[in-house]
Amino acid sequence: MQLSSPKFPVVVKIGHAHNGMGKVKVEGHSDFQDIASVVAITNCYATTESFIDSKYDIRVQKIGSNYKAFMRTSISGNWKANTGSSAVEQIAMTEQFKLWVDETSELFGGLDIVSVEAIHGKDGKNYIIEVNDSSMQLIGENQEEDRKHIADLVLQKMNANVTHSAPVLTSASSLPNLQRTSQSNSPNTSKVGTPTSNQKPTLSGTPTKTQSNPPPLPTLDLHDEEDTLTNLKKTFATIFGDL
């Protein structure tokens, strides 16, 4: 059996910590055993990655169509540039930096807000170590400008969605017309002053009270139907004039 021996130093990261927290630089086997015993009594996951002797950190962010790149250098001498005192400087946005965030955005379904963090090692190479979505932290001197970009992006998305899904509102002035129309189409509504076979004509146009249990309509024989129609015509002529 062949055992693989890790190359030290390494960085052990414990749990979901951010901003340099939860990371320990391990120089050798004895230190690794010590940190392993600590991880064993926690309920967090742990990862191990190679230590990169960094010259500075790179931060590339995308907010909508706005792109920015930053360089962060440690002042306090800590091996973690995002811990302790550090200097943050905005740098030129290169095609490579833009490719990083665009590809990351597409990889996760087209993110509008995304950032990529990398380490520029003393060997001259760049190592991408982390990506973030809208939970990214704003840095640099133009944070207020970035907040405005985020607010404009959110409003743009809200307006686009509300415009296509807003319900059709009915103006208040049209409600009486709709109410009158529904009343006129109701089968239980009759025109005022229109006589029926068992009701006397009303000239004043005042509706009569409706009985709770109206009497049944009389049943007409076939030979009486013609006389009834003649009487109705005479009644209509009396009220409305000759038809």
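Trainee: Where is Leu138?

Mentor: This is a predicted model. In it, Leu138 sits in the loop between strand 8 (126-132) and helix 3 (143-165).

Trainee: Is Leu138 buried or exposed?

Mentor: Leu138 is buried, because its relative accessible area is 16% and buried means under 20%.

Trainee: Which residues does Leu138 touch?

Mentor: Leaving out residues up to four places away in sequence, Leu138 touches Arg59, Gln143, Asp146, Arg147 and Ile150. There is also Gln61, 77 residues apart from Leu138 along the chain, with 9.1 Å between their C-alpha atoms.

Trainee: What does Gln61 stand opposite?

Mentor: Gln61 stands opposite Lys68 in strand 5. Strand 4 and strand 5 run antiparallel and are joined by seven bridges.

Trainee: Lys68, then. Buried or exposed?

Mentor: Lys68 is buried, with a relative accessible area of 4%. The cut-off for buried is under 20%, so Lys68 qualifies.

Trainee: What does the side chain of Lys68 have a polar contact with?

Mentor: With the side chain of Asp146, at 2.7 Å. Asp146 is also one of the residues that Leu138 touches.

Trainee: What else does Lys68 touch?

Mentor: Not counting residues up to four places away in sequence, the list for Lys68 includes Arg59, Val60, Gln61, Gln90 and Met93. Asn142 and Glu145 are on that list too.

Trainee: What holds paired strands together in general?

Mentor: Strands of a sheet pair through backbone hydrogen bonds, either parallel or antiparallel.

Trainee: How many residues are in the largest nonpolar core?

Mentor: The largest nonpolar core has 11 residues, among them Tyr56, Met71, Phe97, Trp100 and Val116. Strand 4 (54-63), strand 5 (66-74), helix 2 (95-107) and strand 7 (113-121) each supply at least two residues of this core. Another core, of six residues, lies apart from it and includes Val10, Ile14, Val26 and Val39.

Trainee: What does Tyr56 touch?

Mentor: Tyr56 touches Met71, Arg72, Thr73, Ile119 and His120, with residues up to four places away in sequence not counted.

Trainee: New topic. What is the strand order in the sheet of three strands?

Mentor: The order is 2-1-3, in an open sheet with antiparallel pairing. Strand 2 (23-26) and strand 3 (46-50) are at the edges with a single partner strand each, so one side of each has no neighbour in the sheet. Strand 1 (residues 10-14) is joined to strand 2 by four bridges, and Val12 stands opposite Val24 in strand 2.

Trainee: Which helix lies across that one?

Mentor: Helix 1 (residues 29-40) lies across strand 1, strand 2 and strand 3, at about 5° to strand 1.

Trainee: Last one. Is the peptide bond from Phe8 to Pro9 cis or trans?

Mentor: That bond is cis, with omega near 0°. Most peptide bonds are trans. Pro9 lies in the segment before strand 1.

How values were computed: Residues are numbered from 1 along each chain as its sequence is written. This is a predicted model: local features need pLDDT of at least 70, side-chain atom pairs count only at pLDDT 80 or more; totals for chains, interfaces and linings use all residues. Side-chain values use heavy atoms; hydrogens and water are left out. Two strands pair if DSSP finds at least two bridges between them. Contact means heavy atoms within 4.5 Å. Axes are lines fitted to C-alpha atoms, for helices over the stretch in contact, and angles run from 0 to 180 degrees between N-to-C directions. Buried means under 20% relative accessible area, exposed over 50%, partly exposed in between (1.4 Å probe, protein chains only). A nonpolar core is a set of buried Ala, Val, Leu, Ile, Met, Phe, Trp, Tyr and Cys residues joined through side-chain atoms within 4.5 Å. A polar contact is a pair of N or O atoms within 3.5 Å; within protein, one must be able to donate a hydrogen and the other to accept it, and residues adjacent in sequence count only if both atoms are side-chain atoms.
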